[in-house]
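Please look through the structure shown here, and then read the notes below, which are grouped by topic.

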Protein chains: 2
Amino acid sequence: MTHPDTIAALVARLRKGDTRALARAISLVENDAPESASLLSACFPHTGSGLRIGITGAPGAGKSTLVDRLARAFRETPEGREANKTVGVIAVDPTSPFTGGAILGDRIRFQDRHGDSGFYARSMATRGSLGGLALATADVALVLEASGKDVLLIETVGVGQDEIEIARLADITVVVLVPGMGDDVQSLKAGVMEIADIFVVNKSDREGADRVEQEIRGLQSLASDHPDHTPPVIRTIATTGDGLDNLATAISEMEEWLRADNRLAKRRTQHWQRRLDAMLRTELMRRARQNGFDAKILQFHAARIASGQQDPWQLVAQLTEKVFSPANSS
Amino acid sequence: MTHPDTIAALVARLRKGDTRALARAISLVENDAPESASLLSACFPHTGSGLRIGITGAPGAGKSTLVDRLARAFRETPEGREANKTVGVIAVDPTSPFTGGAILGDRIRFQDRHGDSGFYARSMATRGSLGGLALATADVALVLEASGKDVLLIETVGVGQDEIEIARLADITVVVLVPGMGDDVQSLKAGVMEIADIFVVNKSDREGADRVEQEIRGLQSLASDHPDHTPPVIRTIATTGDGLDNLATAISEMEEWLRADNRLAKRRTQHWQRRLDAMLRTELMRRARQNGFDAKILQFHAARIASGQQDPWQLVAQLTEKVFSPANSS
């Protein structure tokens, strides 16, 4: 499938709601297939109106259940609130393949939604090198959006650097905490507090909900990526659905705020700047590998460096010189 | 300080035990100063014999105290074991500047070692983009090694991807766990179990030490980066020093095992391959930025992409083509 016509046909099919075409397109993008760039190019004109919501927080905070409830809230039409939106869910698990996969099992509950063409859920694990996962997630979200999904829920399993990068590419970031996280709450929050647009205290019927909220209030005064917006703190019990209406309202209000005064456009420009940087990095490396930076050559040099026969900094200067030199392009 | 003679003078001074020269050299490398590559090049011939020990594990596992004890054990000379080695400590904290810095405070206790020219401790925070920290840590370790340190203890504060990358560049990786980590133990271990050469159950006087050891035994049978070596599990109480002798012995045995059958050379070749890849990536991006990929241009394009006026994949293809084209090098 390398001919542009076939890409166009695939995009036309996924645009019409063909779930198998959508699944295939996502796989191509997730696996970074050679036709990935042209597929994304073909999807790009059909994007821009969807809302990306990132949901992150410590493991065990009940994010999956919350995302499930949130998806239902967007699909159904309660009184007084615009809803009945189409929803795409991406569950990202950047942990190792060995302990990973839990999130995939969780997603089995989504099967009761089979037959609902306005809903699609997909799990993702790692792609390629460090930082590649955030890019891959953004790419998959773009394909989902092109398929006509109004809302994209992007859920990450943990709170590491990868998850922060993923959350940073969302329009709205929801950070989920739970009471009783103990002394580690501080370290888990590192880097995550700053990116929050909305805080959720889930399992809020547990003892300590007040304390968690106080801690959030205390920490959020210290630092934020968005100093012009004070994130609300919403209490939920995802298992019963308590507080989900409040969360949906908070998301709607945040969306309104973002759409006013060009804020969403500014935020997306920042996102695209980060993405462009990562895309360029990836593409440069791909081209460099074709120009003599392949794994075998690196291994040969690495063995010589390890035994002290080759200076790595001189080598890097020589190799990059070779890539950038005119003679190389002949 | 751009003249090679000055670099040579700085390296000569740090080789003679001049702590201020060492501190200055490390700062240059940590800040990725323009003379960083030539400084590292000048240090490189004086490295290769030092042993790098990575210490990682969940926050609150008592790693700092353990590292402190281990440093003492290497500096002092107990009966029956070769010791009195010079020691360098690098404490790496990749958390945000906002919540980070705790580890720096901890390191104040090392001040009682002032005047001991065979000991040097240094804290590090993030450098540059994702993945940059592992590279920076490896670079700082190289400078420390060139200054004549026999043992390099590299301690990370958490268990994220950054920390795993850092630990992967050590010769020996020690993973520290504690009893009573609760349900999150599984998720915290993700990716960390595989890289362990030695497990430590610290605070082993607490209830649950047996259970943690059982969990380690259960998980380690599933996956390891080094299937030919079964990591020992050492119980310690870092605050009292209990079990530290056993840990030191386990490290010595691991070192012997690594030095036999060329295993250390093989492992270091793998490390250099990862490092070379990262170094090339960084250098390519640096050169690309000089060739029109600077932040201002990316921001201009990002705004056009965010408003749907520019296809990012076509743009990336055009920009990389420009970098690789002969005309550009004129």
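K203(B) counts as buried, with 23 C-beta neighbours inside 10 Å, where buried means 20 or more other C-beta atoms within 10 Å of a residue's own, exposed means 12 or fewer, partly exposed lies in between, and C-beta atoms are placed from the backbone. This is a predicted model, in which local features need pLDDT of at least 70 and side-chain atom pairs count only at pLDDT 80 or more, while totals for chains, interfaces and linings use all residues. Residues are numbered from 1 along each chain as its sequence is written, and chains are lettered from A and ligands numbered from 1 in the order in which they are written.

**Positive phi**
- K203(B), a residue other than glycine, has a positive phi near 55 degrees, and its place is in the loop between strand 6 (198–201) and helix 9 (209–220) of chain B; helices (H or I, at least four residues) and strands (E, at least two) are DSSP runs numbered from the N terminus.
- N262(A), also not a glycine, has a positive phi of about 65 degrees and lies in the loop between helix 10 (244–259) and helix 11 (263–290) of chain A.
- N262(A) is exposed, with 10 other C-beta atoms within 10 Å.

**Domains of chain A**
- Chain A is divided into domain 1 (1–46), domain 2 (47–261) and domain 3 (291–329), with bounds from an automatic or database domain assignment.
- In chain A, 15 residues of domain 1 are in contact with 15 residues of domain 2, contact meaning that C-beta atoms, placed from the backbone, lie within 7 Å.
- Helix 2 of chain A gives the most to the side of domain 1 that touches domain 2, with six residues.

Key:
Two residues are in contact if their C-beta atoms, placed from the backbone, lie within 7 Å.
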